[in-house]
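Subject: Structure handover

Hello,

Please find the structure below, with the sequence alongside. My notes on what was found follow it.

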Amino acid sequence: MGKEKKYQRTKVRFSIRTKIVMLSILIALPFVIFNLYLLSSMANYSRAYDDIVSNMTIANNYNLNFKEEMDESLYKLVVGYVTFDTIATDETLKDPYELIGGLRSEFGKLVKITTEPESRMWLESLLRNIDTLEKRVRDIEKSVREGDNYNKNIRELDDNIYILTELIQDDIQYYIYYQTNGMDVLNQNLNRQVDEFIVLWSLIVGSCVCVALLIAIFLVHGVLRPVERLYHVTEQLAEGNFDVRAKVYSGDEIAVLANSFNNMADNMQLLIDKAKEDERKMRQADLRLLQEQINPHFLYNTLDTIVWLIESNETEQAVEMVVTLSSFFRLVLSKGKEQISIREEEKHITSYLEIQKMRYHDIMEYDVQIDKVLYDYQILKLTLQPLVENALYHGIKYKRAKGYIHISGEKEDNLIRLTVRDNGVGMDENELEEIREEIERPCQETEKGFGLANVNERIHMYFGYQYGMTIDSKKGWGTIVEITIPAIKIQSAEKAE
């Protein structure tokens with residue numbers, strides 16, 4: 001990337017602060033006296049209105065929630081879903097005594113500050129109904145603790161509790177109704193004051209229209225236009241256009257800001273390119289590390305098999321296994337690439353299965369049926385081998401009869417699904433859930449299922465968390481492991497890389 005261009009520092013000739021002070025003086029002076037009058041006339045209305053709104057807010061909260069929460073809590077206490085001792089720990093229910101206490105406290109305060117007769121009457125009725133409701137709740141608590149008849153408690157709910165909560169809700173609604181009427185009176189007073197305000201305001205506006213128009217034009221051209229220009233270029237920059245530059249010549253702080261923006265745009269592309277390169281190198285290093293953790297694991301098992309063949313004087317099979325192992329690792333190297341074609345991955349897994357069949361020929365059969373349409377699509381190297389190894393060592397090996405491993409692959413729209421199926425010992429529900437949790441953890445933290453977790457983590461790292469591995473199993477029937485990756489042709493992947 002070329003050397004970034006540096007813009008000369010712009011000097012502030014006529015600052016925005018100076019512009020705003022001058023405009024404020026010209027605009028504010030005619031309105032100061034009028035605003036004082038307006039504020040004094042509105043102060044009383046505002047205080048009265050705020051009191052009513054505050055009271056109605058409290059009432060509305062209880063009007064919406066109290067009956068439903070009280071009825072639900074008492075019903076679940078009666079049917080034994082919770083007890084009076086444990087209801088406080090249930091996040092979905094409310095303690096009836098806490099609900100009653102909160103309602104009595106809030107509306108007790110409203111009684112003290114309410115002067116309107118009708119509203120006060122309904123508040124006093126509400127407090128009497130709260131006292132009665134508390135007595136009925138205590139009756140139910142006593143009955144439940146003594147283990148009395150369930151039907152009796154249900155009748156108590158229907159005949160007393162539900163009726164009382166309905167009455168309380170009605171009291172709240174009537175209170176809200178009369179408070180609303182009080183707001184109408186305040187609104188009438190306000191309308192009268194507004195009429196007076198309009199007359200005075202018309203006189204002031206008529207004398208200030210010309211001055212205001214001139215001020216507005218100056219304001220738009222002197223302040224808003226440069227800001228608008230800067231806004232548009234920053235929007236283009238946010239969309240990825242790093243060639244855009246701000247052209248502002250207002251001689252104020254906006255011009256200085258535009259100059260700084262231009263310098264920032266010059267440097268931003270360089271920083272973004274560097275960050276992308278660092279991220280790409282880090283991801284490649286992580287992928288390579290994860291892949292290299294699989295190779296020793298497989299190599300140890302294979303060398304152990306070769307030693308076993310030699311000790312059993314089966315030298316021809318040992319030599320054949322060494323040759324197959326050599327071929328396998330030539331494919332694994334893949335010239336240092338992390339992504340290979342599915343055709344190559346099929347060769348890898350076939351070599352691996354041939355190596356394992358030399359040792360487990362009496363207990364293992366396998367079949368590879370990957371649709372040839374997939375051959376030119378990419379896959380992370382060493383994706384299938386850990387799955388097959390898991391099927392062999394944890395499924396087939398513990399089966400008391402010959403086992404079968406089936407590997408298949410097919411394309412569905414923009415997805416590729418690869419499946420490794422075995423008819424081994426399988427897993428029960430607890431084992432299956434445990435292995436599902438393990439493969440979702442970083443492979444370095446897994447206690448078992450390292451190979452599966454390794455594959456799943458690499459897929460997440462390279463393709464995203466919407467792709468990965470699923471496992472299904474049934475005790476005595478076997479296990480199915482499915483890999484889902486995006487359908488990306490190997491040529492497209494190489495170009496993107």
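A salt bridge here is a side-chain nitrogen of Lys or Arg within 4 Å of a carboxyl oxygen of Asp or Glu. The side chains of lysine 67 and glutamate 166 form such a bridge, at 3.6 Å from N to O. Lysine 67 is in helix H1 and glutamate 166 in helix H4, and the two are 99 residues apart. Lysine 67 is buried because its relative accessible area is 16%, and buried means under 20%. Glutamate 166, with 33% relative accessibility, counts as partly exposed.

Please keep in mind that this is a predicted model.

The chain as a whole

The chain has 497 residues, of which 40% are buried. Its secondary structure comes to 11 helices and 7 strands. The accessible surface is about 29,100 Å², and 55% of that belongs to carbon and sulfur atoms. If you take the contacts between residues at least 6 apart in sequence, 73% of them join residues at least 24 apart.

Other salt bridges

The count of salt bridges comes to 19. One of them joins arginine 104 and glutamate 134, with the closest N and O atoms 2.6 Å apart. Arginine 104 lies in helix H2 (residues 96–113) and glutamate 134 in helix H3 (residues 117–146), so this pair ties together parts that are 30 residues apart in sequence. Arginine 104 is partly exposed at 28% relative accessibility, whereas glutamate 134 is buried at 19%. Both residues belong to a network of salt bridges that links Arg104, Asp131, Glu134 and Arg138.

Another salt bridge is made by the side chains of arginine 343 and aspartate 376, at 3.7 Å from N to O. Arginine 343 is in helix H7 (residues 342–360), while aspartate 376 is in the loop between E2 and strand E3 (378–380); they are 33 residues apart. Arginine 343 counts as partly exposed at 36% relative accessibility, and aspartate 376 is partly exposed at 34%.

The sheet

In general, strands of a sheet pair through backbone hydrogen bonds, either parallel or antiparallel. In this chain, 5 strands form an open sheet in the order E2-E4-E5-E7-E6, with mixed pairing. The edge strands are E2 (364–370) and E6 (468–474), each of which pairs on one side only. Neighbouring strands of the sheet are turned by 10 degrees against each other on average, direction ignored.

Strand E4 (residues 403–412) pairs with strand E5 (residues 415–422) in the antiparallel sense over 8 bridges. Within this pair, isoleucine 405 stands opposite aspartate 422, and serine 408 stands opposite threonine 419. The hairpin of E4 and E5 has 2 residues between the strands, and aspartate 413 there takes a positive phi near 55 degrees. E5 also pairs with E7, again in the antiparallel sense over 8 bridges. Arginine 417 has threonine 484 in E7 as its bridge partner. Helix H10 (residues 450–463) lies across E6 and strand E7 (478–486), running at about 150 degrees to E6.

Two more places to look at

Serine 73 is in helix H1 (residues 16–78). Is serine 73 buried or exposed? Serine 73 counts as buried, because its relative accessibility is 1%. Leaving aside neighbours within four places in sequence, serine 73 is in contact with Ile87, Leu93, Lys94 and Pro96.

Tyr75, Val79, Tyr81 and Tyr150 make a nonpolar surface patch of about 400 Å². Of these, tyrosine 150 is in helix H4 (residues 150–238) and is partly exposed at 40% relative accessibility.

Regards

Technical notes:
Residues are numbered from 1 along each chain as its sequence is written. This is a predicted model: local features need pLDDT of at least 70, side-chain atom pairs count only at pLDDT 80 or more; totals for chains, interfaces and linings use all residues. Side-chain values use heavy atoms; hydrogens and water are left out. Patches are made of residues with over 30% relative accessible area and no salt bridge: like charges are joined within 9 Å, nonpolar side chains (Val, Leu, Ile, Met, Phe, Trp, Tyr) within 5 Å. Accessible areas come from the Shrake-Rupley method with a 1.4 Å probe; for residues, only the protein chains shown count as cover. Helices (H or I, at least four residues) and strands (E, at least two) are DSSP runs, numbered from the N terminus. Buried means under 20% relative accessible area, exposed over 50%, partly exposed in between (1.4 Å probe, protein chains only). Two strands pair if DSSP finds at least two bridges between them. Axes are lines fitted to C-alpha atoms, for helices over the stretch in contact, and angles run from 0 to 180 degrees between N-to-C directions. Contact means heavy atoms within 4.5 Å.
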